[in-house]
Amino acid sequence: MTNSIKENIEFVGKNYNKEMTKFAIINVVLILAAPVIYFFTKNLIYSLIPLGFTLVIDYLLISNYSAQKQKVLQQRDEEFIQMISYFEIFINNQITVYQSFKFLLPYASRWMSEQIGNMLDEIDKDKTVKPFIDFARKFKSSIVENVMISIYQMVDQGQTVEQLQQFSIFFSQFSK
């Protein structure tokens, strides 16, 4: 479980050590509050309240990292849809698949630009479907893989009018 928490924290772009320090400070303060409350109230029930808060806050902090990760993954899927819209425009203007991906770079986020750049580098080395599949696996939606395979088929079989029409139909289904 610790590894998944660390992965989630790093995935959302936060420093694991800083987050764990913040986490520890909150826990220590709440745990130390228990004996202080008992000292002043002499009531065990009141002194257990900070310990209950500790559990609740720990749960909320841990689940927050997971929620943030899911939000980032959703944003990436949404950006992919946007990038494919631009890609479709480039393809319809008779630009090659490879060049269309290059033309996407100025419109993409830093993360997406890196992924497209990595895919283009891999395409230079490997002319199979593998770079397209590897790129698709960076996304949460499984439909991305189908889109990328369809794009690869355009590379492999050439950009015919029928394929462009098929891609347009497939893309409109994907967008919905």
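This is a predicted model: local features need pLDDT of at least 70, side-chain atom pairs count only at pLDDT 80 or more; totals for chains, interfaces and linings use all residues.
**Chatting through a helical model**

Colleague: Where is the place of Ser 100?
Modeller: Ser 100 lies in helix α4. Helices here are DSSP runs of H or I with at least four residues, strands are E runs of at least two, and both are numbered from the N terminus.

Colleague: What does the side chain of Ser 100 reach?
Modeller: The backbone oxygen of Ile 95, at 3.5 Å. A polar contact is a pair of N or O atoms within 3.5 Å; within protein, one must be able to donate a hydrogen and the other to accept it, and residues adjacent in sequence count only if both atoms are side-chain atoms.

Colleague: Leaving aside neighbours within four places in sequence, what is Ser 100 in contact with?
Modeller: Phe 87, Phe 90, Ile 91 and Ile 95, where contact means heavy atoms within 4.5 Å.

Colleague: Which residues of α4 are buried?
Modeller: In α4, which spans residues 97-104, Val 97, Ser 100, Phe 101 and Leu 104 are buried. They sit on the same side of α4, because they cover an arc of only 100° around the axis. That arc is taken from the directions from the helix axis to the C-beta atoms.

Colleague: And what covers the buried residues of α4?
Modeller: The cover includes α3 (44-92), α5 (110-125), α6 (130-136) and α7 (143-157).

Colleague: Zooming out, how many helices and strands are there in the protein?
Modeller: There are 8 helices and 0 strands. Of the 176 residues, 32% count as buried. For contacts between residues at least 6 apart in sequence, 52% join residues at least 24 apart.

Colleague: New topic: how many aromatic pairs does the count come to?
Modeller: The count is 10 aromatic pairs. Rings of Phe, Tyr and Trp (its six-membered ring) pair if their centres lie within 6.5 Å; planes under 30 degrees apart are stacked, over 60 edge-to-face, and the rest tilted. Phe 90 and Tyr 107 make a tilted pair, 6.5 Å centre to centre with 40° between the planes. Phe 90 is in helix α3 and Tyr 107 in the loop between α4 and α5, 17 residues apart, so this pair links distant parts of the chain.

Colleague: Tyr 107, buried or partly exposed?
Modeller: Tyr 107 is partly exposed at 47% relative accessibility, whereas Phe 90 is buried at 13%.

Colleague: Which residues do ring pairs link into a cluster?
Modeller: Phe 80, Trp 111, Phe 135 and Phe 139. The charged end of Arg 76 also sits over the ring of Trp 111, 3.8 Å from its centre. For that, NZ of Lys or CZ of Arg must be within 6 Å of the ring centre and within 35 degrees of the ring normal.

Colleague: Last one: where is Gln 94 found?
Modeller: Gln 94 is in the loop between α3 and α4. Its phi is near 65°, a positive value in a residue other than glycine. Gln 94 is exposed, with a relative accessible area of 60%.

Notes
Residues are numbered from 1 along each chain as its sequence is written. Side-chain values use heavy atoms; hydrogens and water are left out. Buried means under 20% relative accessible area, exposed over 50%, partly exposed in between (1.4 Å probe, protein chains only).
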